[in-house]
Amino acid sequence: MNPLRLIEKKRDGGSLSAAEWRFIIQSYLSGQLPHYQMSALLMAVYFSGMDYEETATLTGIMVESGERLDLRDIAGAKIDKHSTGGVGDKVSLILAPLMAAAGIRVPMISGRGLAHTGGTLDKLESIPGFRTRLTPKEFHQQINDIGVAMIGQSDRIVPADKKIYALRDATSTVASIPLITASILSKKIAAGVDGLVMDIKTGCGAFMARMEQAEKLAQSILRTAVANALPTVALITAMDQPLGNAAGNWLEVLEVLQALQNRGPDDLMKVVYALGAQMLHLAEGVSQPQQAQKRLQTLIRDGAAMDKFLQMVAAQGGDTRILRDAGKYPMAKFQQHLRSHQNGWVHEAHALKIGYAVVLLGGGRRTMNDTVDPAAGIVLQKKIGDQVEKGDILAVLHTNRTNVISEAARWMRSAFRIGPEQSEKPRTVLKLLT
Ligand code: URA
């Protein structure tokens, strides 16, 4: 097959067959199809889209690119959660150990930061020693022994997503409904889960900024999951401002530790409990969200979720001493306060602009070979609905790069809108789709 003809076909709105997608994925993985042709094809998909059938075909071929894990010999329901990506979204780091503490098995295959959004793997790797690459055997063993493992795509598990994910990040081809669907579901199907709860983000910091687009993405994921016999529910949640207060890898781990000590910010915990209730529903049929929330709150209050988090970190080689004594972590050399120039109420803390500032400070990537600085990021001290006085700190910027501070501060200044009228705290959980 000639890849040029396939790129042209997609560019002109056609659908590629299973054989054509298999050829593309295999040639890309073997290095025969160069990045530039794959980039062109991804951009063609971005503009031309795919119907459900082609999306399901691509998903299946991406699963086939590596090993499919079989967790059937492990007792209990294996349920996972995945987010479509946002700024300050550290939910997985809290929810995975929390659900394992509730007795559910959580085999989680996550991704790195994409564009202005953070990635679970980058956050976990900010913990010294944490290994996000386990062999399929180690992953299986850990799910059996402690109920939770969090890893990334690898050369053995969904290698197609590993390679294409990094390329999409560097070519502005992330925000495509079929590509997001295939990327997420290939990881979940390969992990061998029994059920999935999706957190579909909408708002300026999400890949689907408008509710109609978020609903379309949810429909695409639900239909493709059903075609693969994977029971899935989707919650649409708000991503107009960062979730919680911290955005940036280690800074988010610090907020996770607070959340696991029952001191998590309200907006973050609402999303954690709403998704957790759906995971319990899929696993055990618990259908009362309040009842589910109470049970999960108890697991946080009595320390069971924190214990599970520490067990998981230790099992994956991470340094748990630094988690117990976080003051010893090497923080960024420069910390700059962004202060309010006026009195009033915060009406906007624009997640996309804050995400750009985090990337500039070193917390994200701009090219495929960039390394992420674990200490870089932003801690918000004011969010939408908060009252501020002139001179109050709105946010603290953390970086090891002096040359970017003024540009990042400009993004941050433009992210905040403060007005004289009182503003309301926005809702975080917007819609449930089954
Ligand atoms: N998360 C993923 O795993 N893939 C995407 O494409 C977007 C979010």
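Tutor: Happy to. Let us begin with Arg22, which forms a salt bridge with Glu64, their closest N and O atoms lying 3.2 Å apart. This pair links distant parts of the chain, with Arg22 in helix α2 (residues 18–30) and Glu64 in helix α4 (residues 52–64), 42 residues apart. A word on terms: a salt bridge here is a side-chain nitrogen of Lys or Arg within 4 Å of a carboxyl oxygen of Asp or Glu. Helices (H or I, at least four residues) and strands (E, at least two) are DSSP runs, numbered from the N terminus.

Before going further, please keep in mind that this is a predicted model, in which local features need pLDDT of at least 70 and side-chain atom pairs count only at pLDDT 80 or more, while totals for chains, interfaces and linings use all residues. Residues are numbered from 1 along each chain as its sequence is written, and side-chain values use heavy atoms, with hydrogens and water left out.

How covered are the two partners? Arg22 is partly exposed at 30% relative accessible area, and Glu64 is also partly exposed, at 47%. The classes are set as follows: buried means under 20% relative accessible area, exposed over 50%, and partly exposed in between (1.4 Å probe, protein chains only).

Next come Asp122 and Arg112, whose side chains meet in a salt bridge with an N to O distance of 3.0 Å. Asp122 lies in helix α6 (residues 120–125) and Arg112 in the loop between β2 (106–110) and α6, so this pair ties together parts that are 10 residues apart in sequence. Asp122 is buried, with a relative accessible area of 8%, whereas Arg112 counts as partly exposed at 24%.

A further salt bridge joins Glu284 and Arg295, at 2.9 Å from N to O. Here helix α12 (residues 266–284) supplies Glu284 and helix α13 (residues 289–301) supplies Arg295, so to speak two distant parts of the chain linked across 11 residues. Both partners count as partly exposed, Glu284 at 41% relative accessibility and Arg295 at 32%. Returning to Arg112 and Asp122, salt bridges that share partners join these two with Glu125 and Arg365 into one network. By the salt-bridge rule, the count comes to 26.

The loop that holds Arg112, between β2 and α6, is also where Ala115 is found. Ala115 has a positive phi of about 50 degrees although it is not a glycine, and this residue is partly exposed, with a relative accessible area of 31%. Ala229 is another residue other than glycine with a positive phi, near 55 degrees. Ala229 lies in the loop between α10 (211–227) and β5 (232–238) and counts as exposed, at 68% relative accessibility.

Lys137 has its place in helix α7 (residues 136–146) and is exposed, with a relative accessible area of 69%. From C-alpha to C-alpha, Lys137 and Leu69 are 9.0 Å apart in space, although 68 residues separate them in sequence. Thr320, in helix α15 (residues 320–324), is buried, with a relative accessible area of 16%. Leaving aside residues up to four places away in sequence, Thr320 touches Leu310, Val313 and Ala314, where a contact means heavy atoms within 4.5 Å.

Now for the whole chain. The protein chain has 17 helices and 13 strands, and buried residues make up 59% of its 434 residues. Among its contacts with a separation of 6 or more, 79% are between residues 24 or more positions apart. A compact globule of 434 residues would have a radius of gyration near 22 Å, and the 21 Å of the protein chain agrees with that; the radius is taken over C-alpha atoms, and the globule rule is 2.2 Å times the number of residues to the power 0.38. Along the principal axes, the C-alpha atoms fill a box of roughly 65 × 45 × 40 Å.

The protein chain exposes about 17400 Å², of which carbon and sulfur atoms supply 48%; accessible areas come from the Shrake-Rupley method with a 1.4 Å probe, and for residues only the protein chains shown count as cover. As for charge, the mean positions of the 50 positive and 42 negative charges are 2 Å apart. Lys and Arg count as positive and Asp and Glu as negative, with His and the chain ends not counted, and each charge is placed at NZ of Lys, CZ of Arg, CG of Asp or CD of Glu.
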